[in-house]
Amino acid sequence: MSIAAFNKVVTIRSTTASTNHELPATNCTLTLAGDLLDDTDMSSTGFRSKTIGLQDWSLAAPSNYDVSNTALTVARQAWQNRSRVFMQYLPNGTAGFSGYAYVETYTLSGDVGGLETVDINLQADSALSTVGST
Amino acid sequence: MAAPNSPADDIANYLSSQGVGTIGAASGWALGVSFEADSPHQAITVYDIGGFAPDAHWLLDYPQIQVRVRGDVNGYSGAYSKIQEVKDTLLGITQTTMGGTYYVGILQFGDINFIQYDEPGRPILTANFQIFREPSDATNRKSFST
């Protein structure tokens, strides 16, 4: 069954806290990636062969900026303290993926004709786990 | 919580509170919502004109309104001054709550338009505004302030 993207919930918390806080994201992208290595050798028969090396994931969460939003405070403080956060990316609001990450960038911006926004980018510091039934 | 007012209602009340006009006045600058009465000549009417799709996850709406000003017979300068006053009152407003709804900001798209003189010769001008607002209540949506 398809999922309407507006159901998506993206949360973060500090590693010392137990409560997850929802990021006010307006569009969110979780990217699962891996290094594609060429392992072709003399025994290969006419075509190159590949293997996956180290895997990685990252999260980009463009969000509306709100000074009273706790998740934004958690992200900014994690960046300031060089500490990890625990994030959850839940496409249907309850099930999805989770893992530990660092806040690589926290970019505030806003055009005079629009709303103030903050683009948050997380870079993985753990394996990506599943939450519920994915 | 109560459902949010129409943006036109909130804006008309705000313009009234700022002394731009008086809601339902029989003389002077009469403020109205969605209906322009034939008298008095001097009328400021606020219309809801749709806008952009609201956010389906967060409590954030993007409605638009039109303010239409009708002046005295051959009173173009007075009508223009009044719609300029409307513009100066609404454009760039700082965050405020109107009628229980949090107004994040108001922009203008385009500038003041002269539409026409009506049958008695009263000038009609309009100005259109883009609103960002966060209703205090909507069943399925969430507040940013969590």
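This is a predicted model: local features need pLDDT of at least 70, side-chain atom pairs count only at pLDDT 80 or more; totals for chains, interfaces and linings use all residues.
**Exercise 1. Pairing in the sheet of chain B**

Which residue in S7(B) is the bridge partner of Tyr117(B)?

*Solution.* 

Step 1. Locate the strands. Strand S6 of chain B covers residues 101-117 and strand S7 of chain B covers residues 123-134.

Step 2. Determine how they pair. S6(B) and S7(B) run antiparallel and are joined by 11 bridges.

Step 3. Identify the partner. Tyr117(B) is bridged to Pro123(B) in S7(B).

Step 4. Extend the view to the sheet. In chain B, seven strands make up an open sheet with mixed pairing, ordered S1-S2-S3-S4-S7-S6-S5. Strand S1 (22-23) and strand S5 (96-98) of chain B each have a single partner strand and stand at the edges, so one side of each lacks a neighbour in the sheet. In general, strands of a sheet pair through backbone hydrogen bonds, in a parallel or an antiparallel manner.

**Exercise 2. The helix of chain B**

State which residues of helix H1 of chain B are buried, and describe the backbone just after this helix.

*Solution.* 

Step 1. Helix H1 of chain B spans residues 7-17.

Step 2. The buried residues in H1(B) are Pro7(B), Ala8(B), Asp10(B), Ile11(B), Ala12(B), Tyr14(B) and Leu15(B).

Step 3. For reading such a list, recall that an α-helix has 3.6 residues a turn, so residues three or four places apart point the same way.

Step 4. Just after H1(B) comes Gly19(B), whose phi is positive, at about 80°.

**Exercise 3. Strand S1 of chain A**

*Solution.* 

Step 1. S1(A) comprises residues 9-14, and five of its six residues are buried, so the strand is largely enclosed by the rest of the structure.

Step 2. Take the pairing with strand S5 of chain A (residues 84-90). S1(A) and S5(A) are antiparallel and share six bridges.

Step 3. Take the pairing with strand S2 of chain A (residues 21-22). Two bridges link S1(A) to S2(A), again in antiparallel fashion, and a hairpin of six residues connects them.

**Exercise 4. The setting of Asp66(A)**

Is Asp66(A) buried or exposed? Give its place in chain A and its contacts.

*Solution.* 

Step 1. Asp66(A) lies in the loop between strand S4 (50-64) and helix H1 (70-81) of chain A.

Step 2. The relative accessibility of Asp66(A) is 11%. Buried means under 20%, so Asp66(A) counts as buried.

Step 3. Leaving aside residues up to four places away in sequence, Asp66(A) touches Leu72(A), Phe144(B) and Ser145(B).

Step 4. Between Asp66(A) and Val118(A) there are 52 residues of sequence separation, while their C-alpha atoms are 9.2 Å apart.

**Exercise 5. Chain A as a whole**

Summarise the fold pattern, dimensions and surface of chain A.

*Solution.* 

Step 1. Chain A contains one helix and eight strands, in the sequence pattern β-β-β-β-α-β-β-β-β.

Step 2. Its radius of gyration is 18 Å, whereas a compact globule of 134 residues would have one near 14 Å. The C-alpha trace of chain A spans about 60 × 35 × 35 Å along its principal axes.

Step 3. Of the 134 residues in chain A, 31% are buried. The accessible surface of chain A is about 7900 Å², and carbon and sulfur atoms account for 51% of this.

Step 4. Chain A carries 7 positive and 12 negative charges, with mean positions 5 Å apart.

Terms used:
Residues are numbered from 1 along each chain as its sequence is written. Chains are lettered from A and ligands numbered from 1 in the order in which they are written. Side-chain values use heavy atoms; hydrogens and water are left out. Buried means under 20% relative accessible area, exposed over 50%, partly exposed in between (1.4 Å probe, protein chains only). Helices (H or I, at least four residues) and strands (E, at least two) are DSSP runs, numbered from the N terminus. Two strands pair if DSSP finds at least two bridges between them. The radius of gyration is taken over C-alpha atoms; the globule rule is 2.2 Å times the number of residues to the power 0.38. Accessible areas come from the Shrake-Rupley method with a 1.4 Å probe; for residues, only the protein chains shown count as cover. Lys and Arg count as positive and Asp and Glu as negative; His and the chain ends are not counted. The place of a charge is taken as NZ of Lys, CZ of Arg, CG of Asp or CD of Glu. Contact means heavy atoms within 4.5 Å.
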